[in-house]
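Subject: Structure for you to look at

Hello,

Here is the structure we talked about. Please open it beside this message and follow along as you read.

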Amino acid sequence: MNQTKQTNLFALIFFVFFIVIGQLLYLIPLMQKIPYVWFSSIVQIVYCTVPITGYFIWTKKNPKEVFRLYPLGWKNLLLIVAFGFAIQPLMRFLSFFTSMFFPNVAQEFADALDGTSFLGTLITMAILPAFLEELSLRGVFLSGYRRLGTWKAIFCTALLFGLLHMNPQQFPYAFFAGLFFCFLVERTGSIWASIIPHFIINATNVISMYLPMAEDVAKIDMPSNTILLLYTGVSAFISLPFLGLIFYQFLKINPVRNSYVPKDGTKERFLSIPIFCVFGLFLIFGILPYLNYLF
């Protein structure tokens with residue numbers, strides 16, 4: 001079994017585990033008694049660490065190389081932090097646009113955490129996703145698809161990241177962010193290039209939930225969707241020069257790395273039965289439950 005097929009099979013296992021683990025853990029009486037924020041944290045830890053542990057036992061690969069646990073230089077660190085803030089207007093625009101057609105699952109999750117401490121919310125909404133999702137996607141999957149070539153590996157990993165959110169509202173901006181995260185990791189050779197902006201994006205949302213004026217803002221009559229779409233669109237457009245400047249500086253200090261070239265000339269393919277099964281899971285659990293919102 002070649003490396004891409006191996007990664008595809010792991011992707012199917014990972015998605016199945018992601019779908020069922022919450023229900024399985026809830027069958028444990030103790031899990032039914034703990035606060036939702038900690039139950040959610042445990043689910044995240046289990047659905048990532050168990051398959052990944054099995055992956056390394058199966059493949060016998062070096063975790064440090066797969067995860068790219070290498071430091072960032074101080075210049076890259078500053079640019080990555082700036083990127084984490086600069087990309088948010090674009091993501092807000094995509095999120096608001098899709099929320100006009102489908103329920104905002106991330107907001108529903110945040111509402112379910114109402115009354116939770118700031119630290120608890122930060123852990124479950126920002127810290128754990130930033131580390132666990134990045135180690136899984138930009139670590140295992142991006143490394144596993146490197147024999148497809150850099151750009152195909154980036155696209156396939158970002159696609160799986162979007163699909164993993166299992167709903168049509170989050171898919172577009174998750175796929176969009178996933179492309180950037182993969183590119184940052186590929187150019188720097190460090191997983192921290194995606195963990196840091198992922199944390200900044202999620203943590204910014206958490207902080208906004210706990211600002212003193214958050215409750216007052218929630219009581220204000222919101223303008224029409226058209227006005228909000230225009231506002232988020234203009235904000236996204238204004239952010240483009242700053243995002244472009246950050247990327248210009250980033251590309252200057254991070255030259256192109258050598259792409260993988262098969263020694264025997266053989267090509268590996270992404271599309272396979274396990275990946276079609278992943279598409280089927282997304283259709284069943286991520287699309288069909290939301291079709292009624294379109295009609």
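What covers the buried residues of helix 10? The cover includes helix 4, helix 5, helix 7 (118–144), helix 8 and helix 9.

Before the rest, some ground rules. This is a predicted model, in which local features need pLDDT of at least 70, side-chain atom pairs count only at pLDDT 80 or more, and totals for chains, interfaces and linings use all residues. Residues are numbered from 1 along each chain as its sequence is written, and side-chain values use heavy atoms, with hydrogens and water left out. Helices (H or I, at least four residues) and strands (E, at least two) are DSSP runs, numbered from the N terminus.

The buried residues of helix 10 are A193, S194, I195, I196, P197, H198, I200, I201, N202, A203 and V206. Buried means under 20% relative accessible area, with exposed over 50% and partly exposed in between (1.4 Å probe, protein chains only). The 18 residues of helix 10 should span 26 Å at 1.5 Å a residue, and its end C-alpha atoms are 26 Å apart, which agrees. The expected span of a helix is 1.5 Å times one less than its number of residues.

Helix 5 (residues 88–99) has twelve residues, which should span 16 Å at 1.5 Å a residue; its end C-alpha atoms are 16 Å apart, in agreement. In helix 5, the buried residues are Q88, P89, L90, M91, S95, F96 and T98. Their cover includes helix 4 (74–86), helix 9 (171–188), helix 10 (192–209) and helix 12 (225–253).

Helix 8 and its partners

Helix 8 (residues 150–164) packs with helix 13 (residues 273–287) at an angle of about 30 degrees, and their axes are 10 Å apart. That makes the two helices roughly parallel. Angles under 35 degrees count as roughly parallel, over 145 as roughly antiparallel, 65 to 115 as roughly perpendicular and the rest as oblique. Axes are lines fitted to C-alpha atoms, for helices over the stretch in contact, and angles run from 0 to 180 degrees between N-to-C directions. L159, L160 and L163 of helix 8 make the contact with V278, F279 and F282 of helix 13. Contact means heavy atoms within 4.5 Å. By class, this contact has six nonpolar, no polar and no charged residues. Ala, Val, Leu, Ile, Met, Phe, Trp, Tyr, Cys and Pro count as nonpolar, Asp, Glu, Lys and Arg as charged, and the others, Gly among them, as polar.

With helix 9, helix 8 packs at about 140 degrees, and the axes are 8 Å apart. Residues of helix 8 that meet helix 9 include T150, W151 and I154, and those they meet in helix 9 include F171, A174 and E186. This contact has 13 nonpolar, four polar and one charged residues.

F102 lies in the loop between helix 5 and helix 6 (105–112). F102 is buried, with a relative accessible area of 16%. Not counting residues up to four places away in sequence, F102 touches P168, Q169, Y290, Y293 and L294. F102 and L291 are 189 residues apart in sequence, but 8.7 Å apart in space, C-alpha to C-alpha.

E268 is in the loop between helix 12 and helix 13, and counts as buried at 16% relative accessibility. Leaving aside neighbours within four places in sequence, E268 is in contact with N2, Q3, T4, R147 and L148.

S143 lies in helix 7 and counts as buried at 11% relative accessibility.

Regards
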